[in-house]
Amino acid sequence: MPEAPEPPATARLTVLSGPSGVGKGTVVAEVRRRHPEVWVSVSVTTRARRPGEVDGVHYHFLTGAEFDRLVAEDGLLEWAEYAGNRYGTPEAPVRERLATGAPALLEIELQGARQVRARAPEAQLVFLAPPSWAELVSRLAGRGSEPPAVQERRLAIAQAELDAAGEFDAVVVNDDVTRAADELVGLLTAPSSGRSVGASE
Ligand SMILES: Nc1nc2c(ncn2[C@@H]2O[C@H](COP(=O)(O)OP(=O)(O)O)[C@@H](O)[C@H]2O)c(=O)[nH]1
Ligand SMILES: Nc1ncnc2c1ncn2[C@@H]1O[C@H](COP(=O)(O)OP(=O)(O)O)[C@@H](O)[C@H]1O
């Protein structure tokens, strides 16, 4: 009997994680500016919208009850509570994207990355690291999107997240945005060694 054809080598799921303020959003925006074909999942969240954020673009902003419903319907690939809010990845769009043979990128925190690893072992996990702790503190404060108490809470979580960098398949240091984006693009398009996630179910 002939073997089933190999899935496309590019049908790869990549997870980008890293502490709040390290520059995940900035690096992903740079990747998309240069490579508009890179597909990035839009998460659901119960967090309040920041000024400038657009519903359906940056996140789907949900009430707690709406989030509960999605969890009950098993509509999320993964979800986690982070700093008092819930965040999750709608599963169907990710599966649909991977089924086309094109790469998909999730920008999520550590607990979610671990769930993806458990559910889709073929996924590639990339950790975005700050050049130093002082630089991370300064970027988070410089962004000015959270009050100091919330920044403190995020920095406490960041310490544990940095300790988990060794669990990831690759670490990209966000020293310079352009360089870090280049490195991420290289990882996104590198042939995957294992089976395609999209074809696994
Ligand atoms: N597990 C999980 N984490 C997410 C998801 N979407 C965003 N996050 C993470 O939640 C954390 C907080 O996100 P956010 O409030 O937007 O803050 P920011 O990333 O520091 O700008 C970050 O680490 C995000 O990567 C998701 O769908 N699932
Ligand atoms: N390589 C970099 N060098 C200097 N500042 C950066 C760099 N990357 C991001 N920043 C700045 O750091 C802050 C946090 O970046 P952001 O993308 O919001 O982080 P995250 O999405 O990881 O929370 C922003 O003010 C951003 O402009």
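Trainee: How far is an oxygen atom of ligand 1 from an N or O atom in the side chain of Tyr59?

Mentor: This is a predicted model, in which local features need pLDDT of at least 70 and side-chain atom pairs count only at pLDDT 80 or more, while totals for chains, interfaces and linings use all residues. Residues are numbered from 1 along each chain as its sequence is written, chains are lettered from A and ligands numbered from 1 in the order in which they are written, and side-chain values use heavy atoms, with hydrogens and water left out. A polar contact is a pair of N or O atoms within 3.5 Å (within protein, one must be able to donate a hydrogen and the other to accept it, and residues adjacent in sequence count only if both atoms are side-chain atoms). For Tyr59 and ligand 1, the distance is 2.6 Å.

Trainee: How much of the accessible area that ligand 1 has on its own does the protein cover?

Mentor: Ligand 1 is surrounded by 18 residues, with Ser20 and Arg47 among the closest, where a residue is near a molecule or strand if one of its heavy atoms lies within 4 Å of it. Oxygen atoms of ligand 1 also lie 2.7 Å from a polar side-chain atom of Ser43 and 2.9 Å from a side-chain N or O atom of Arg143. Accessible areas come from the Shrake-Rupley method with a 1.4 Å probe (for residues, only the protein chains shown count as cover), and of the 560 Å² that ligand 1 has on its own, the protein covers 95%.

Trainee: Which element gives the largest share of the shell around ligand 2?

Mentor: There are 14 residues around ligand 2, and Gly21, Lys24 and Arg143 are among those that come nearest. Backbone polar atoms lie 2.8 Å from a ligand 2 oxygen atom at Gly21, 3.0 Å at Gly23 and 2.8 Å at Lys24. Helices (H or I, at least four residues) and strands (E, at least two) are DSSP runs numbered from the N terminus, and two of the helices, α1 and α5, each supply at least two residues of this shell. The largest share, three residues, comes from α1.

Trainee: Is Val27 buried or exposed?

Mentor: Val27 sits in helix α1, which spans residues 24-34, and beyond its neighbours within four places in sequence it is in contact (heavy atoms within 4.5 Å) with residues including Leu128, Asn174 and Leu184. Buried means under 20% relative accessible area, exposed over 50%, and partly exposed in between (1.4 Å probe, protein chains only). Because its relative accessibility is 1%, Val27 counts as buried.

Trainee: What percentage of the residues in the chain are buried?

Mentor: The secondary structure of the chain comes to seven helices and nine strands. Of the 201 residues in the chain, the buried ones make up 45%.
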